[in-house]
Amino acid sequence: MSKSICKLGLIGCGSIAQAVHLNILLRLPMVEVVAFAEPDFQRRTAVEKRVPGAIAYTDYRELLEHPDLEGVVICLPSAMHAEVAIAALQQGKHIYLEKPIAISTPEAEAVIAAWQQADAVSNVVGMIGFNYRFNPLYTAAKQVIQSGQLGQLVSARAVFSYPLGTAPPWKRKRVSGGGILLDLALHDVDLARFLFNAEIDAVSAELQSHGYEDDTAAIQLRLNGGMLIQIFTSMSTIDEARWEIYGQQGKLTADRYRETAIELTLPQRPYSRRSQLGTSVRAAVRALNLQKILSPTLEPSYQQALTQFATAIQSGQAVSPDLQDGLRALTIIEAAETAARTGKTVSLAAQPTLTDHRSTSPVA
């Protein structure tokens, strides 16, 4: 039987956590924010004003002792993810952990072990923040791929970038969880697994530094069926977020910043229907998506992801993407780092297909 209200806490109240996660949690009818933890006085005071009924903590460990707390949303610098996730799981709390799951695979494996131990006692939700799986463009793209409308798939390429800005110090160094691979590339690596329902068995990559350490990357992935995927990602150029998927019967484009629907191009036609839209219509679309770039709160996938987290707590059902997906994506990112360092392609073919630890069905 599902429960009517989920009593959740927010750990970490930075700008994105306040603008996105907190905003969404406060408007979800099945959620009550009962506590939050933030050591910074100004941030803590700002959230206190918005959620006067919630208890404010400076230390996340104290928050985890809150008697009514069922789960937490963790929005902290990446180097703290594993430590806080493990502490929460050891207290039997459901967790929504922003990506990455950790900054090294040993840390990530420790998170998985803590989750499995907690889940063995009582069904504990362990969800990773790969919110773009819930973006309607990507869910529509996956449906087209699965329908076979593109015919035999040939290749794909993705771009995810944003301009050089003032990143917090921890995002400028890999040792503290920064760099483009853990920031943006991780999302596209996960999307590759999600869109094509396949594992990645080989990785090659090159890294460059322009504004920060390792802020630009070119990556090539090979799926276990042989298909190649190219990913370009950078935090030193322009705002762009696009996937192009090529099949023998057509091409699919999903441009998250400039279009409101996927675009299909057939090989016998030089121009797709959407490319022939009037200039005024396309200008309106660009204006709408410019707002999305400037305001993360307009990205629809965040609300869908957090809604699934709360719904999973209520229903006791398994969730996707889960912490296992976080581990697999991090493993691929570390392979890309090795490939960039050695100049060689790194094989992941020996890795087994991940399954939901509650069942024997492959993770979709």
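Student: Which residue does the side chain of Glu299 meet in a salt bridge?

Tutor: A salt bridge here is a side-chain nitrogen of Lys or Arg within 4 Å of a carboxyl oxygen of Asp or Glu. The side chain of Glu299 has such a contact at 3.4 Å, N to O, and the partner is Arg256.

Student: What kind of model is this, and how are residues numbered?

Tutor: It's a predicted model, where local features need pLDDT of at least 70, side-chain atom pairs count only at pLDDT 80 or more, and totals for chains, interfaces and linings use all residues. Side-chain values use heavy atoms, leaving out hydrogens and water, and residues are numbered along each chain as its sequence is written, from 1.

Student: Back to Glu299 and Arg256: are they buried or exposed?

Tutor: Buried means under 20% relative accessible area, exposed over 50%, and partly exposed in between (1.4 Å probe, protein chains only). Glu299 comes in at 8% and Arg256 at 2%. Both are under the 20% cut-off, so each one counts as buried.

Student: How many salt bridges does a search of the whole structure find?

Tutor: Some of them form a network linking Arg133, Asp190, Arg193, Glu199, Asp325 and Arg328. Another joins Arg242 and Glu240 at 2.1 Å, N to O. The search of the whole structure gives 16.

Student: How far apart are the end C-alpha atoms of helix 5?

Tutor: Helix 5 covers residues 105-121, which is 17 residues. The expected span is 1.5 Å times one less than the number of residues, so it should be 24 Å. The model agrees with that, as the end C-alpha atoms are 25 Å apart.

Student: Which residue in strand 10 is the bridge partner of Leu221?

Tutor: Strands pair if DSSP finds at least two bridges between them. Strand 9 (residues 216-223) and strand 10 run antiparallel, joined by seven bridges. In strand 10, Leu221 has as its bridge partner Ile229.

Methods:
Helix = DSSP H or I, 4+ residues; strand = E, 2+ residues; numbered from the N terminus.
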